[in-house]
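Please look at the sequence and the model before reading on.

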Amino acid sequence: MKVFSGSANRPLSEKIAVSLSLQLSSIELHTFSDGEQRVKLEEKVVNEDVVIVQPTGIPTDKNYMELFFIIDAARRNGAKSITVVIPYIGYQRQDHVFRTGEARSLEVVIRFMEQAGGTKFIAVDTHTIKVPELFIKPFVHVSALPLFAKIIKEEDLIDSDSFLVSPDMGGIRRIKQLSEMLDDLPYAAIEKNRDLKSGALAARVIHGKVHKRAIIVDDMISSGGTIVTACKLLKKKGVERIYVFATHPVFSEKAPELLQASFAKKVFVTDTIFVSKFSQFPKLEILSVADVIAEQIKYE
Ligand code: R5P
């Protein structure tokens, strides 16, 4: 087996390789002055099982193009199988057409990856259960929820007046699963509305009983708007302590500053997306999903 890393998250790729008792295979990744990219595998892959690790967070389009080219390089150089580990799938929030006239963008990038030669895909915590269905080739879903449950227990974040909170109704399935892992911890969900054109957020209603200590769980933090809005509402409703768990630190715009200034006491994310030291902040803690991904690769 040979493991190649794109440029999006080399530290995670290295950890996955170590977990597989391998070293990353050598690859040349070059961006020309006009922005075009060139990739070159520096090791032979004929009849090899190839694993490519590349999340497609910011810069999403650049990361996708690089990934398409690495997959193509592996296919045309004779790889026996090409497992694409795409811990965070960019465009997954566009998994269906919301308004007439829109593209189904997620489907477009999936077809490109499959057409380029990807034979199997592994991703962490997809935005909805529809996402895996869009893949024609085998797709394996890895969940960060057991890791979150373990940390919540280890860090003693639960007391007799705690509850899980989904910051939107779409996350209710996720929150129920985590509740089961935490001996049926009570949960609630916030009704959030986002204006599809302007992106403006509003959250007014909490479905479920409010307790004093909240653990918010989401699949991703992008602008930080959802979490900050949820924290404000929870505080207004009498919540005294808030912890946040989100799988993917997309961290667009001013998310790190907003989260640090928020009412949340701590923000736990995973390393599906690389967080540069400039985007890290005191309340942030990054958990690694490298071992669970490696387990899945071994299992397959
Ligand atoms: C929405 O459905 C997702 O689960 C996240 O809550 C959302 O994408 C986070 O985005 P932002 O941080 O920009 O509010």
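What volume does the largest pocket have? The volume is about 1,100 Å³. A pocket here is an open set of points on a 1 Å grid over the protein atoms alone, where a 1.4 Å probe fits and protein lies on both sides within 12 Å along at least five of seven lines; lining residues have an atom within 4 Å of a point. Grid points are joined across faces, edges and corners, and a volume is the space filled by probe spheres set on the points.

This is a predicted model, in which local features need pLDDT of at least 70 and side-chain atom pairs count only at pLDDT 80 or more, while totals for chains, interfaces and linings use all residues. Residues are numbered from 1 along each chain as its sequence is written, and side-chain values use heavy atoms, with hydrogens and water left out.

The lining of the largest pocket consists of 44 residues, and Arg93, Gln94, Phe98, His127 and Arg194 lie nearest its centre. Strand 9, strand 11 and helix 7 each give two or more residues to this lining; helices (H or I, at least four residues) and strands (E, at least two) are DSSP runs numbered from the N terminus. Strand 11 provides the largest share, 4 residues.

The ligand takes up space in this largest pocket, by the criterion that more than half of its atoms lie within 2 Å of the grid points. Around the ligand are 14 residues, where being near means having a heavy atom within 4 Å. Asp218, Asp219, Ser223, Gly224 and Thr226 come nearest. Strand 9 (187-194), strand 11 (213-221) and helix 7 (225-236) each supply at least two residues of this shell, with the largest share, 4 residues, from strand 11.

An N or O atom in the side chain of Asp218 is 2.5 Å from a ligand oxygen. For Asp219, the distance from a polar side-chain atom to a ligand oxygen is 2.6 Å, and for the side chain of Ser223 it is 2.6 Å. The protein covers 90% of the 380 Å² of accessible area that the ligand has on its own, by the Shrake-Rupley method with a 1.4 Å probe.

The second largest pocket holds about 270 Å³ of space. Its lining has 15 residues, with Thr126, Thr128, Ile129, Arg173 and Arg174 closest to the centre. Helix 6 (residues 172-181) gives the largest share of that lining, 4 residues.

Terms used: Polar contact = N/O pair within 3.5 Å; in protein donor to acceptor, adjacent residues only side chain to side chain.
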